[in-house]
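Dear colleague,

Please find the structure below, together with its sequence. My notes on what was found in it follow.

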Amino acid sequence: MNATSTEAPLSFQDMILRLHSYWSARGCAILQPYDMRMGAGTFHPATTLRALGPDAWNAAFVQPSRRPTDGRYGENPNRLQHYYQYQVIMKPSPPDLQELYLGSLAAIGIDFTRHDIRFVEDDWESPTLGAWGLGWEVWCDGMEVTQFTYFQQMGGFDCKPVAGELTYGLERLAMYIQDVDNVYDLRFNDAGVSYGDVFLENERQMSTWNFEVAETDALFDLFRKAEAECARCLDAKLPIPAYEQAIEASHIFNLLNARGVISVAERQAYIGRVRDLAKGACASYMEKNGWAA
Amino acid sequence: MTDFLLELRSEEIPARMQDKAREDLARLFAAELAKAGLAAGALLTYATPRRLALIARNLPDATQAVSEELKGPRTSAPPQALEGFLRKTGLSQEQLVDRDGVWFAVIDKPGRATADVLVEAIPAIVRGFPWPKSMRWGAPSLSTESPRWVRPLQGIVALFGEEVVPCTIAGVESGAATVGHRFHHPGVITIGSATDYVEKLRACHVIVDQDERRTTIAIGAKMAANKAGLRLVEDEGLVAENAGLTEWPVPLLGRFDAAFLDVPPEVIQLTARVNQKYFVCRDADGKLANAFICTANIDAADDGAKIVEGNRKVLAARLSDARFFYETDLKVPLDEQAKKLEKIVFHEKLGTVADKVERVAKLARWLVDEGIVPGADPEHAERAARLAKADLVTGMVGEFPELQGVMGGYYAERQGEHPAVAAAIRDHYKPVGQGDDVPTAPVTVAVSLADKLDSIGQFFGADLKPSGSKDPFALRRSALGIVALVLDNGLRFPLARAVNADVLDFFADRLKVQQREAGVRHDLIDAVFALGGEDDLVRLLARVKALQAFVDTEDGANLLAGYKRAANILKKEGGVPEGAASNAAPDTAEAALTQALDTAEPAAKDAIAREDFEAAMAALATLRAPIDSFFDQVTVNDADPAKRAARLALLARVRDAVHGVADFSRIEG
């Protein structure tokens with residue numbers, strides 16, 4: 001199961017393609033990124049909503065993740081306000097999920113005879129999704145490369161059955177595999193395109209907008225509108241559009257946070273408001289499907 | 001007699017839970033056995049990240065047959081009582097025995113095979129296991145009633161002798177098969193019995209004994225450091241944590257860029273320890289070296305070269321972040337940072353941190369101005385207090401809250417504050433807990449005292465006192481800190497000038513806790529506290545110590561006995577009758593005691609005023625012989641009521657003289 005070490009390290013895009021074919025072969029639906037701004041792959045409805053209810057569900061996808069406060073104007077070798085997560089969700093969690101996961105690392109070129117893989121306790125919790133689970137951060141030679149979680153609750157509902165969720169930090173993993181110290185030096189493909197060619201200018205401009213330019217009054221307004229629209233969707237018994245508004249509100253909150261206009265005291269209140277939207281959407285989704293809590 | 005082996009194999013068990021899990025496994029197993037009347041000759045427990053195991057030595061092969069006798073109703077009782085008893089025992093009336101008019105049921109329980117007991121015990125142990133956090137998983141989790149474990153359970157080895165004890169938990173069937181090291185030996189291995197368990201696993205790169213792994217890590221890390229000409233900074237907690245993360249630990253030394261040594265060593269050490277679980281080393285001069293020791297879980301094909309290189313990179317990224325915070329923080333003066341404290345709520349009832357800083361600054365200055373903390377410059381005390389909390393809003397303390405104070409000290413030093421001010425900022429949280437260094441630098445003492453007094457005073461004032469096991473604001477620790485600061489520095493501090501009566505009682509309790517550790521008897525502290533009006537801890541403790549020395553002497557012990565006798569007689573006789581006058585014609589011993597009191601009373605009083613408690617005790621000691629003679633030779637309950645009254649009054653004088661030094665009625669023994 002170990003990849004040969006003589007093989008040239010994979011480019012960023014080939015790594016994704018390998019993961020796609022690996023998980024596809026293991027029965028996962030290979031989805032495309034959700035077309036909304038969100039902070040993590042877990043927000044993708046294919047994770048959040050599909051973690052609810054009794055139906056089996058296996059999917060894998062790349063999700064662009066936006067963390068406005070992590071922006072460093074393209075000047076930090078490790079931190080980005082926009083990066084990619086690779087998500088795998090399998091429900092119910094298969095008994096050999098750890099082995100399946102390790103197989104995926106081997107598939108992208110990690111040699112277990114020369115590297116130190118460790119499962120280090122890290123319990124996951126998302127206050128904005130009303131969700132938690134137990135699991136680990138997976139270390140490769142001391143670097144966290146994946147968050148591995150068994151969901152126990154989502155939107156305040158017990159997961160019946162439990163789903164296993166894998167979240168790979170693709171840039172970190174690629175930096176590791178390609179042995180580069182700066183994310184912008186990653187080989188994006190084998191035709192001369194670097195990660196910096198694709199994203200450096202994007203990081204500069206988006207950092208400036210996130211931290212300095214974004215109009216805060218408009219953002220506050222957007223937050224309120226998302227909240228109101230979510231309520232309308234819930235009244236109309238439309239959980240999926242309602243959940244989209246929760247995603248929207250969550251990202252607007254992150255932008256407001258990056259602009260430094262939310263005080264410490266207000267922070268908790270905003271998180272609570274986003275959670276109410278997400279929980280409302282989850283409750284509606286359960287009800288629409290006729291699932292008991 | 002047969003040995004039993006149980007291995008509960010799961011996905012990775014958090015390192016911090018493994019020790020407790022071993023204890024719980026032994027406890028639950030022993031309890032299940034005890035229910036069946038069984039006990040093992042010895043219980044051994046093991047934990048690795050992937051398995052929790054138990055070996056029970058010398059179990060009997062069966063439980064003993066027992067004959068149990070149940071007492072029933074009287075034979076004359078109404079039939080309902082008998083019917084009830086038959087239902088309860090499941091017997092018929094013919095099977096009961098009539099003994100002296102009472103029905104008895106004799107129930108013979110044959111012995112059970114121990115293997116059968118174990119079949120039931122294993123699922124019961126899993127069901128009742130008190131993991132701090134547990135989870136459901138897989139297909140069975142469709143029901144919230146599905147079995148819970150710390151992480152998904154993967155296998156059960158249950159062997160009584162060489163026989164499998166059959167059971168199924170969450171779809172996992174017991175057997176003799178387990179797996180070795182995840183990467184060195186991923187295949188199945190078959191265990192023969194408890195006897196070969198440890199060695200079979202070792203052959204498959206699993207050291208199942210946690211203590212052995214700890215030793216391997218402790219020694220391996222030390223050797224790696226020595227080999228590089230360095231000295232390991234030993235850290236038992238880190239040894240245990242790494243042992244909980246590995247089945248085959250291999251300590252490896254790596255180097256990081258020496259340029260990072262500009263960052264304060266505390267930061268480097270904390271980053272390495274907390275984020276990466278690395279040991280650090282010192283060079284020959286005792287300075288932090290640019291080296292780290294990580295503990296791999298594998299004998300790597302390249303002797304760990306790639307692993308060390310990977311870990312070096314991760315640490316470098318962490319240290320870059322730390323350096324970024326440090327350099328960014330240095331650009332903002334602490335006075336500017338302190339202004340941001342106005343926006344941080346200290347507690348919803350107690351205003352902002354800035355409010356607290358203002359109070360502490362005034363109090364610290366007052367402590368110096370009043371001479372309570374001698375030798376400090378009041379300006380320094382106030383300045384240090386004003387800057388002491390400023391590092392709470394720095395990036396570095398945001399990242400590493402444990403570095404509060406330490407970072408403030410560095411930043412103060414770098415912005416040119418007086419060394420006494422920087423030291424006070426750095427150390428003003430001390431002492432945190434028993435055994436921590438107690439500050440002695442006067443400015444630090446003033447700020448530390450003021451900070452803790454303010455917290456206790458404020459929280460008590462808002463009625464947020466600790467109760468039972470709840471002490472969310474760590475006020476007990478603050479009080480212990482104050483006690484230690486006052487005593488270690490010999491501060492003459494009448495606490496009542498700074499705190500209310502309820503806070504004073506709180507200090508008394510803390511003092512007892514603190515002094516118990518130092519071997520001071522709590523009843524003696526009570527005896528001095530009971531006198532009331534003593535709020536000077538130094539004086540109080542001096543008196544307690546003199547008292548302890550005294551009651552340990554023969555004179556002291558006898559005086560205590562005499563005192564107790566006097567107090568008992570007074571209690572029994574209802575005190576001193578009204579109008580008691582001294583005896584016109586006292587007995588010899590009576591006169592001698594009166595005379596001794598005439599000397600001892602003023603001498604003790606005078607000595608106490610001089611705070612010479614040894615002298616006060618010595619004065620009391622002179623009463624011992626006269627009291628002994630008095631009790632030997634004089635009858636208190638004389639037929640003459642006047643004599644009796646006079647003698648009771650004399651005993652009351654003895655009691656009061658003793659009470660001038662301490663309330664002996666509180667002393668045990």
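A residue is called buried when its relative accessible area is under 20%, exposed when it is over 50%, and partly exposed in between (1.4 Å probe, protein chains only). This is a predicted model, in which local features need pLDDT of at least 70 and side-chain atom pairs count only at pLDDT 80 or more, while totals for chains, interfaces and linings use all residues. Residues are numbered from 1 along each chain as its sequence is written, chains are lettered from A and ligands numbered from 1 in the order in which they are written, and side-chain values use heavy atoms, with hydrogens and water left out.

V150(B) is buried, at a relative accessible area of 0%. This residue lies in the loop between α3 (114-127) and β7 (153-160) of chain B; helices (H or I, at least four residues) and strands (E, at least two) are DSSP runs, numbered from the N terminus. Beyond its neighbours within four places in sequence, V150(B) is in contact (heavy atoms within 4.5 Å) with residues including L134(A), I13(B), P14(B) and W131(B). P14(B) is 136 residues from V150(B) along the chain, yet their C-alpha atoms are separated by 8.3 Å.

The interface between the chains takes 43 residues from chain B and 39 residues from chain A. About 3,400 Å² is buried between them, with carbon and sulfur atoms giving 53%; this buried area is the accessible area (1.4 Å probe) that the two parts lose on being put together, summed over both. In chain B, R136(B), R151(B) and F183(B) lose the most area to chain A, together 16% of what that side buries.

Seven salt bridges are counted between chain B and chain A, each being a side-chain nitrogen of Lys or Arg within 4 Å of a carboxyl oxygen of Asp or Glu. One of them joins K133(B) to D123(A), with the closest N and O atoms 2.9 Å apart.

Helix α2 (residues 79-89) of chain B has L82(B), F85(B), L86(B) and T89(B) buried. They lie on the same side of α2(B) because they cover an arc of only 100 degrees around the axis, taken from the directions from the helix axis to the C-beta atoms. Among the elements covering these buried residues are β4 (66-74) and β6 (102-109) of chain B. The face turned away from the buried side of α2(B) carries the exposed residues Q80(B), R87(B) and K88(B). G90(B), which follows α2(B), has a positive phi, near 70 degrees.

With kind regards
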